[in-house]
Amino acid sequence: MKKIFPLFLISFQVFAQNPTFESFKKYPFPTELTTSKTGSKIAWAMDEQGKRNIYVAEGPEFKAKKLTNFQEDDGQEITSLSISDDGNWVVFARGGDHGSNWDDALPVNPSADAKPFTVKIGAIPFYGGAINYATDGDFPFISPNSKTIAFIK
């Protein structure tokens with residue numbers, strides 16, 4: 001009976017708290033984990049207090065490196081994350097609100113910008129550099145030779 005009582009006490013203390021939206025929002029939330037077809041490279045998107053960025057790591061250490069540096073909670077998702085077969089590029093779609101009850105033809109615009117960010121296809125070198133936005137589009141797929149990206153527009 002001694003072992004059950006402390007567990008019950010801890011459970012009661014956890015449920016007795018009044019969590020706020022901000023307390024849930026402060027925890028990082030990873031999504032879109034992907035791997036390279038060869039080698040030991042991984043990439044994932046991370047939502048940190050609403051700021052969504054891409055991280056990469058390479059084995060055997062798998063030390064995380066922040067690849068993008070989006071500083072605002074602007075509501076723009078990072079989806080369809082993939083690494084090219086040659087391991088040189090991370091390709092993704094940024095923008096929109098996939099999986100919501102929202103008209104996909106309209107951009108997500110929580111800050112009411114005069115020119116809202118539309119869903120765009122982006123590519124960034126695996127080891128860092130500038131983001132290259134190809135065009136408006138969604139669901140990118142990298143060709144096996146790593147030179148072409150197909151997508152829906």
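**Entry 1: β5 and β6**

I began with strand β5, residues 78–83, and found that it pairs with β6 in the antiparallel sense over four bridges. I keep in mind throughout that this is a predicted model.

**Entry 2: β6 and its other neighbour**

Next I followed β6 itself, which runs over residues 89–94 and is mostly covered, since I found five of its six residues buried. I then turned to strand β7, residues 120–125, and noted that β6 and β7 pair in the antiparallel sense over six bridges. Here I picked out R94, which stands opposite K120 in β7.

**Entry 3: the whole sheet**

I wanted to know which order the strands of this sheet follow. I read it as β5-β6-β7-β8, an open sheet of four strands with antiparallel pairing. At the edges I found β5 and β8, the latter covering residues 132–136, and each of these edge strands pairs on one side only. When I looked up how neighbouring strands of this sheet are turned against each other, the average came to 20°, with direction ignored. I reminded myself that strands of a sheet pair through backbone hydrogen bonds, either parallel or antiparallel.

I located E32 in strand β1, which spans residues 29–35. Is E32 buried, exposed or partly exposed? I found 30% relative accessibility, so E32 counts as partly exposed, because that class lies between the cut-offs of 20% and 50%.

S146 is not a glycine either, and I noted for S146 a positive phi of about 65°. I placed S146 in the loop between β9, residues 138–142, and β10, residues 149–152. The relative accessibility of S146 is 13%, and therefore S146 counts as buried, because buried means under 20%.

**Entry 4: a cis peptide bond**

Last, I asked myself which residues a cis peptide bond joins. I found that G59 and P60 are joined in this way, with an omega of about 10°. P60 lies in the loop between β3, residues 51–58, and β4, residues 65–66.

Notes
Residues are numbered from 1 along each chain as its sequence is written. This is a predicted model: local features need pLDDT of at least 70, side-chain atom pairs count only at pLDDT 80 or more; totals for chains, interfaces and linings use all residues. Side-chain values use heavy atoms; hydrogens and water are left out. Buried means under 20% relative accessible area, exposed over 50%, partly exposed in between (1.4 Å probe, protein chains only). Helices (H or I, at least four residues) and strands (E, at least two) are DSSP runs, numbered from the N terminus. Two strands pair if DSSP finds at least two bridges between them. Axes are lines fitted to C-alpha atoms, for helices over the stretch in contact, and angles run from 0 to 180 degrees between N-to-C directions.
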